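Open the structure in your viewer and keep the selection tool at hand. The stops below are meant to be taken in order.

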Amino acid sequence: MSNSRPRSRRDAGGGAGAAGRDELVSRSLQSAEHCLGVQDFGTAYAHYLLVLSLAPELKHDVKETFQYTLFRWAEELDALSRIQDLLGCYEQALELFPDDEVICNSMGEHLFRMGFRDEAAGYFHKAVKLNPDFSDAKENFYRVANWLVERWHFIMLNDTKRNTIYNAAIQKAVCLGSKSVLDIGAGTGILSMFAKKAGAHSVYACELSKTMYELACDVVAANKMEAGIKLLHTKSLDIEIPKHIPERVSLVVTETVDAGLFGEGIVESLIHAWEHLLLQPKTKGESANCEKYGKVIPASAVIFGMAVECAEIRRHHRVGIKDIAGIHLPTNVKFQSPAYSSVDTEETIEPYTTEKMSRVPGGYLALTECFEIMTVDFNNLQELKSLATKKPDKIGIPVIKEGILDAIMVWFVLQLDDEHSLSTSPSEETCWEQAVYPVQDLADYWIKPGDHVMMEVSCQDCYLRIQSISVLGLECEMDVAKSFTQNKDLLSLGNEAELCSALANLQTSKPDAVEQTCILESTEIALLNNIPYHEGFKMAMSKVLSSLTPEKLYQTMDTHCQNEMSSGTGQSNTVQNILEPFYVLDVSEGFSILPIIAGTLGQVKPYSSVEKDQHRIALDLISEANHFPKETLEFWLRHVEDESAMLQRPKSDKLWSIIILDVIEPSGLIQQEIMEKAAISRCLLQSGGKIFPQYVLMFGLLVESQTLLEENAVQGTERTLGLNIAPFINQFQVYICKSGRLTAIPFWYHMYLDEEIRLDTSSEASHWKQAAVVLDNPIQVEMGEELVLSIQHHKSNVSITVKQ
């Protein structure tokens, strides 16, 4: 008799269950493959989820197909704006594959496109940690790092003078009794740590950016102060007592000041702090314990200005030419930069740009003496409140040197207390840049001694605004009053001056033609001023179209003759009438007049990819002014449903003669996905058609510069007065988009439109900056020594490493 026992019902059922599971998994895999074949990615994705939940051991086998299905389904959900479903799919995928760097990176890309930069950075960072050689994730992380941890963080933390003076002022306040401290806009938490080291009993720090808040948590913990500093992920305006902090504090420290002083909201945050978070201020003459009273560091500020001539600012903010490659720019189209136009727009935009004026290419010329614009007491609540409601002050400054009025340059002196101060003057070597208010729309920019530069200054919408800039001449005549904006009362220089100004404005006549204001980014204005760029494209396009014409003419005339013979007519149309047009597509980012230039080169049907209505109107007006029928110029995005489908045939039976691609970003980096666009473009060209540029050569140079090192990474602990910050913020090292000397490899490009016509992104006229890879560790080299560079190009991303 057999010794084997009969299987229990449970065992038998288990076998049947396993068989049933295997059958279900097999059918689901077949169904998923079938759905992929008919491009039903949503159903295929659902089948794969079922397979992986039932048979996790298949993860490795189906991983790549699952990724492909996820990404295609995510694209469909994105196009349908089903954002929650899209994010849900990625969350499910990451539960199954938590350590998959490709899924992490893709999730980050979707989040970044939706505007969730903090969250996107987290996924890119995780992808890089999972696979340090994953170039797509590294490039994405570098790009998002530019948004999250701006370059000034590194420069600021490397500014030993700034750190020392802030530390001294905080130490003095704490020693005098200000023992409870709130740090507004904490960043890495350096000011909070200064306060704790000085002996403050209670230190609170608030930071709105999720990335910077998490960074501060790591930094504070690394410096063993997490028990003494309470970090809050919130903006100061939302802090409540006792919800966030137990009671009012005796000291607020902050460095929420930008180049224009008010741009980071210091006025609004301090008004709220005085009303809700700070103890009452000490009145003059009182000598009681400071802990019973509130105070702010910095205590006050004085803002200064100067009128300057600067060719570099001019070419980025004023279109200074009337004709571009044969295209006449009409007077009824006015180009303005956002810094100027923000005065009259609803959207709050910084009314200035920023520059390190001591390093601006070509330098600058002072046309006036330095003058005081405004003072502000941060320890006076009523003064802070009156800033936003106060009428603009009118200022008139005498001109001391003749020249071209290009901008008002602004800096300030920050008085931390009665003993310690910091100046952001261009003559000081500090972490701050200067605020620059470009001058636009004057009838005549040439000024001379005896003239007065007039302006109105105010603090509106949390910004220092300098507007209504005009020039009043020495003689009281109409032709010397050059109006900058609509007529406003000038500085009271006496009744004669006011009467003179009024008379001048009465005589101002407006042209009959409709005016169109076209707001362009500063790089777009610099591009319009770039004559070699447009001349080069005109010449290259003309050569391509000329090479295509004989073949086209022959084919068309042959067909025409056959038609005439068959019809028996003796009539003949002109060649111009029977020729099919050449189709030219410009997919440049932003504003471009290349399609209009193409339209002047014969029978051409040009297509522009500009998106903004004001840009389209401006191009139409320019077309009309050049006797180029505006209906000939097509705006391609009106013809394609999705911007991602921009590269397609002009008509079902036609191909492009020329496709213009934007290969280099204004920052100096290669455009993302440009190689994919180039591959598609090649399939859309007629025989003999060309893509511009036809090829690009990349150049680099090994150089040394302490300045650029400091702009890219915190240099050890000495700069931060012994506090350990560098290892944490240096994860966010970014590409530096400034030309100059550096311990790094700056790089630039020669863009070849054909073998003879070349554009150089490093030229003085270029609207492109030069990017650079900054070395993690500077390399000591001797003359004659060879270095080996490892350069990789993958999916539009270039990585450079140095081997000794």
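What follows is a tour of a helix pair, several salt bridges and a surface patch.

This is a predicted model, in which local features need pLDDT of at least 70 and side-chain atom pairs count only at pLDDT 80 or more, while totals for chains, interfaces and linings use all residues. Residues are numbered from 1 along each chain as its sequence is written, and side-chain values use heavy atoms, with hydrogens and water left out.

**Stop 1: a helix pair.** Select residues 101–113, helix H5, and residues 117–130, helix H6. Helices (H or I, at least four residues) and strands (E, at least two) are DSSP runs numbered from the N terminus. The two axes come within 8 Å and cross at roughly 160°; axes are lines fitted to C-alpha atoms, for helices over the stretch in contact, and angles run from 0 to 180 degrees between N-to-C directions. That crossing angle makes H5 roughly antiparallel to H6 (the term applies to angles over 145 degrees).

**Stop 2: Asp100 and Lys63.** Now select Asp100 and Lys63, whose side chains meet in a salt bridge at 3.6 Å, N to O. A salt bridge here is a side-chain nitrogen of Lys or Arg within 4 Å of a carboxyl oxygen of Asp or Glu. Asp100 lies in the loop between helix H4 (83–96) and H5, and Lys63 in helix H3 (residues 59–79), so the pair ties together parts that are 37 residues apart in sequence. Asp100 is buried at 2% relative accessibility, whereas Lys63 is partly exposed at 30%. Buried means under 20% relative accessible area, exposed over 50%, and partly exposed in between (1.4 Å probe, protein chains only).

**Stop 3: further salt bridges.** How many salt bridges does a search of the whole structure find? The search finds 25. One to select is Glu275 with Lys385, the closest N and O atoms being 2.8 Å apart. Glu275 lies in helix H12 (residues 266–276) and Lys385 in helix H15 (residues 381–389), so this pair ties together parts that are 110 residues apart in sequence. Next, pick Glu634 and Lys605, with closest N and O atoms 3.2 Å apart. Salt bridges that share partners also join Arg21, Asp22 and Glu57 into one network.

**Stop 4: a surface patch.** Finish with Leu702, Leu789 and Ile791, which make a nonpolar surface patch of about 260 Å². Patches are made of residues with over 30% relative accessible area and no salt bridge, with like charges joined within 9 Å and nonpolar side chains (Val, Leu, Ile, Met, Phe, Trp, Tyr) within 5 Å. Accessible areas come from the Shrake-Rupley method with a 1.4 Å probe; for residues, only the protein chains shown count as cover. Ile791 is found in strand E32 (residues 788–794) and is exposed, with a relative accessible area of 52%.

Note on methods: Parallel < 35°, antiparallel > 145°, perpendicular 65-115°, else oblique.
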